[in-house]
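Work through the exercises below with the sequence and the model open. Each task is followed by its solution.

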Amino acid sequence: MNTILNSSFLFDMMNHLQSKLILVDTRAFNEYAQGHIPGAVNIDLMQFHWLDTTRQGIVQFNKQMKLLLNYLGIDSSSHVVFYDRISGPTASRGVWLLNYFSLQNAFILDGGFEYWTNLNYPTETTTNQFQHNKSNYKINKSVLADVQYVKDSINSDKDVVIIDCRSEAEYLGIIVRAFHRGHIPKSKNIDWIHNLENENFLEFDKLKKFYSFISNQTEIITYCQGGYRAANTYLVLKHLGYENVRMYLGSWGEWGNNPNLPVEKRG
């Protein structure tokens, strides 16, 4: 699944797709106001944490995220490009979100706004308006892991790799950001930052080699603190051709704050 766009390809899309193209700047509004890609709307996706993946929690997540996508004017004919400051987690969360609602024309701008400006592509400071609609979206459960799914996975013998996309210090419990310190049992720590080089994604062959220890048939679950860094690794793995990849939406923010769930403190 090719979800990573370079700046020249996006510039071409801006000239040809026009009304079908939705550009979403996922940075904070103060950054957007200082300059952004022409035509982009702003929504800081970092404000939409979701740490409840119980059955009722997911029902509410679906309801609120459908409202958000309609607020952005996204429908099945849209080509949506998310961008961050770099090839970062917030824009990645946008791509994962559209995949979750069965929208495949979702992309991330490689290098983000910084690389765009380094290449001297145009910018503007105008605040662009949202184009609201009333679309319905089909949920794609195959890209989501909830708390029960992760519990079942660590207690089963199936071929699954759980990737903790946080820093090593978070994984080992040196940095504590929840009730528990440590990580989900059986998880392997691969910091999401290793997906990047000079704030762009690594070249395809380098990424392929980096994740070559995982077979194409293996199921993969990614998680981090709140489902953003994990979305970046989800996106990379889908880009590499791994078909069975899920992101644990609640991540450590949910798991680590539940005293009844098992944890490990060392690798």
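**Exercise 1.** How many helices and how many strands are there in the protein chain?

*Solution.* The model is a predicted one. Its protein chain contains ten helices and twelve strands.

**Exercise 2.** Compare the radius of gyration of the protein chain with that of a compact globule.

*Solution.* Step one: for 267 residues, a compact globule would have a radius of gyration near 18 Å. Step two: the protein chain has 18 Å, which agrees with that value. Step three: for the extents, the C-alpha trace spans about 50 × 40 × 35 Å along its principal axes.

**Exercise 3.** What share of the residues counts as buried, and what share of the accessible surface belongs to carbon and sulfur atoms?

*Solution.* Buried means under 20% relative accessible area. By that cut-off, 55% of the 267 residues are buried. The accessible surface is about 12300 Å², and carbon and sulfur atoms hold 48% of that area.

**Exercise 4.** Describe the largest nonpolar core, then follow one of its residues.

*Solution.* Step one: this core has 55 residues, and those with the most contacts inside it are Ile74, Trp96, Ile163 and Tyr211. Step two: elements giving two or more residues to the core include α3 (55–72), α4 (89–100), β7 (160–164) and α9 (229–239). Step three: beyond its neighbours within four places in sequence, Tyr211 touches, among others, Ile163, Ile190, Thr233, Val236 and Leu237. Step four: a separate second core of 15 residues includes Leu5, Leu10, Met13 and Phe107.

How values were computed. Residues are numbered from 1 along each chain as its sequence is written. This is a predicted model: local features need pLDDT of at least 70, side-chain atom pairs count only at pLDDT 80 or more; totals for chains, interfaces and linings use all residues. Side-chain values use heavy atoms; hydrogens and water are left out. A nonpolar core is a set of buried Ala, Val, Leu, Ile, Met, Phe, Trp, Tyr and Cys residues joined through side-chain atoms within 4.5 Å. Buried means under 20% relative accessible area, exposed over 50%, partly exposed in between (1.4 Å probe, protein chains only). Helices (H or I, at least four residues) and strands (E, at least two) are DSSP runs, numbered from the N terminus. Contact means heavy atoms within 4.5 Å. The radius of gyration is taken over C-alpha atoms; the globule rule is 2.2 Å times the number of residues to the power 0.38. Accessible areas come from the Shrake-Rupley method with a 1.4 Å probe; for residues, only the protein chains shown count as cover.
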